[in-house]
Structure formats: structure tokens, C-alpha cells
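Colleague: I have just opened this one and would like to talk it through with you. Could you walk me through the contacts and the packing?

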Amino acid sequence: MSIILKQPLTGPAAWRGADLAGDHSWIHPLCAETIAAIDAALAQVKQRGLSFPQFTREDFPLPEAVQQQLRAHSEELENGKGFLVLRGLPVERYTDEDIHIVYYGLGLHMGQPVRQNPRGDLLGLVMHVGDASKKTTRVYETNLYLPYHSDPSDVVGLLCVRKAKSGGLSSLISVAAIYNEILRTHPEYLGLYYRQWYFEHLCEPQPSLSPIFSFHQGKLSCRYLRQYIELGHEIRQLPLSQVEVEALDLFDSLIHDPALKLDMMLEPGDLQFANNYAVLHSRNGFEDYEAQEQRRKMLRLWLKMPNARPLAPEFPGRNGFPQAEQQTA
């Protein structure tokens, strides 16, 4: 079972954005040999007459040296800072289908891609294609600010295909750094974050229970998106108490602390990966181009990882959604 951690967290996962100023060790440029290996794997998938997502890891073969690099990246995601960026995928010379094959193929070598909605999408389109005035529109389908949150998978990947006309900074923040600040400034709230809260994801049939923080077998994990908590409690007709609102207000104030968060502009060909238990992610608003073919375009990948941490029983694992046919049975 999870216990309430009463000591500050140390180690690489407890990074602060201000401390990473000038430190680009989390950026890993793809060398010419790696890109050539990726191109060869892409060609093999196409030679076999296969397409996304109807192929396996074996159909997208990578040399052992590249596989070792990907295993090292997976280790960094679980036991290091919890995030990284692979830079330099030549998306400008790939077709959309090629990009899907390459991205999915790399994902297969890191973990197991999981479904991102009841439709069964394995790659999510993060693009300004929705109407922000409609309640059913997901924020990632607009050009609005996207609040800090964690996704329902062990790891989330984001591939930049095109940048916005202006804005659209990606932002990450360490869960351990948030925790340390709460412990330092307002330890009286700690117990509230470990209690069960109702979360309502728009793709779930009903609110699910989970704590915000869980400390289990030496690792701190987090689930957070305030909108989903407020909606979950509204649906269950269990209004948040004043002290619970204060605890959430404190959490929100910390995730906007410039000293804690790390902002980055993802360039075309960048692949950002983050551990959803150790890092929260966000994006600021942006101005887009009028033409659809020029608009900011990101592709999202959710991965179930073979080296993922054990989770406490009261902090349920979250790796995607059931198949569409199961939703309509």
C-alpha cells in the first residue's frame, strides 16, 4: 500500500526547471546511422505491403545498437529525469503514412502502444481542428492553453510535424519538485493528496477513483488534471470542501512556478517522451495559420512500458482505453 512520504525527494526525477537552464542533456540528436536504420525499417514495412498499424516490432527491424539506445531512453524515462527529446527525425521528407509507420515502429521497440479513445486510435492528432465553443471538444483539438496534466498511460510521446505560426510552447514539470515544495511550504495538506478523488475522463463511462499522489516501493507517482477532478465530483454530487479547494489551489500555484517548470519549443522532427507518473505536461496557447495544411501538427503516442514501476493497489494503472467493440457491446 502507498504510504505518506514525509521526507524530500532527491535524485534525477526531482529536477527543477531553473536548474536545467543551459543543460540540454535531455536532448538526444538522432545521428545519421540511426536515421538510416529507421529508413531501412520503414522500407522493409512497405516492401512487405504492410501499413500502420498492421505490423509488429519484428516487421520494423532495428539494429542492436539502436535498440540499445531506445532501452537506455526507456531507463531514463523510468529511473532518470522522466523525460527526454529525440531530435532530428526528417519528417519533411516523409509522407503522412511514412511518419505513422516510423513513429509507431519506434514505439513498438520501446513498449506497447495503447488506444487513446474508444474509437481505438493508436496515434492521436493534436491539432487545431475542433470548435472551442463546444463542451465535447477536447482542449488538445483547439489552440487554447492546455492545463498541466498526466495522460492515462505509462509514457506519452509527442512528435512535432509542424510548428504554429507563433506560440505553442511545450511545458513539463517534475512531480517530485511539486511534492517537495508542498512538503516545504504546506505539509498540512499532504494527506489530502493521498485520499481518493473522483476523476472524470471524457472517454470514461463514469468517474474513477484515484489519489493525486501515491508513494509506493520507493517511487512517487501522480495523477492530475483539475478539470477532471472537479467534473468527477460534480457528477457524483460530492462537492469539494473548502480545504480540498485550497489544496488544489496550492497545487495549481506550484505548477505555474517559473522556477519549477521547463518550457521548450518542439521543432519539426522532435519526439518528446515523458513518464506520466513522474512528469506533468502542458502547452500554452498559440496562433495558427489559416491554411489547414500549414497548421501546427503534433502526433501523440501512449505507451505501456515493460519497465514501468509497480503501482499501489489504490493507485490504478491506466494504459489506454478498451477496444471500440467492447465499448458498444
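Modeller: Of the contacts (heavy atoms within 4.5 Å) in the protein with a separation of 6 or more, 82% are accounted for by residues 24 or more positions apart. Please keep in mind that this is a predicted model, in which local features need pLDDT of at least 70, side-chain atom pairs count only at pLDDT 80 or more, and totals for chains, interfaces and linings use all residues. Residues are numbered from 1 along each chain as its sequence is written, and side-chain values use heavy atoms, with hydrogens and water left out.

Colleague: How many helices and strands are there in the protein?

Modeller: The protein has eight helices and 17 strands, taken as DSSP runs numbered from the N terminus, with helices being H or I of at least four residues and strands E of at least two.

Colleague: Which residues of α1 and α3 meet?

Modeller: From α1 there are Ile38, Leu42, Val45 and Lys46, and they meet Asp98, Ile101, Val102 and Leu106 of α3. By class, that contact has six nonpolar, no polar and two charged residues, where Ala, Val, Leu, Ile, Met, Phe, Trp, Tyr, Cys and Pro count as nonpolar, Asp, Glu, Lys and Arg as charged, and the others, Gly among them, as polar.

Colleague: And at what angle do α1 and α3 cross?

Modeller: The axes of α1 (residues 32–47) and α3 (residues 96–110) cross at roughly 110° and come within 10 Å, the axes being lines fitted to C-alpha atoms over the stretch in contact, with angles from 0 to 180 degrees between N-to-C directions. The angle therefore makes α1 roughly perpendicular to α3 (65 to 115 degrees; under 35 is roughly parallel, over 145 roughly antiparallel and the rest oblique).

Colleague: What about α4 and α7, how do they pack?

Modeller: Helix α4 (residues 175–185) packs against helix α7 (residues 242–255) at an angle of about 125°, with the axes 10 Å apart, so α4 is oblique to α7. Their contact is made by Ile178, Glu181 and Ile182 of α4 together with Leu250, Phe251, Leu254 and Ile255 of α7.

Colleague: Changing topic, is Glu92 buried or exposed?

Modeller: Glu92 counts as exposed because its relative accessibility is 65% (exposed is over 50% relative accessible area, buried under 20%, partly exposed in between, with a 1.4 Å probe and protein chains only). Glu92 lies in the loop between β2 (83–87) and α3, and its C-alpha is 8.0 Å from that of Gly269, although the two are 177 residues apart in sequence.

Colleague: What share of the protein is buried?

Modeller: Buried residues are 53% of the 329 residues.
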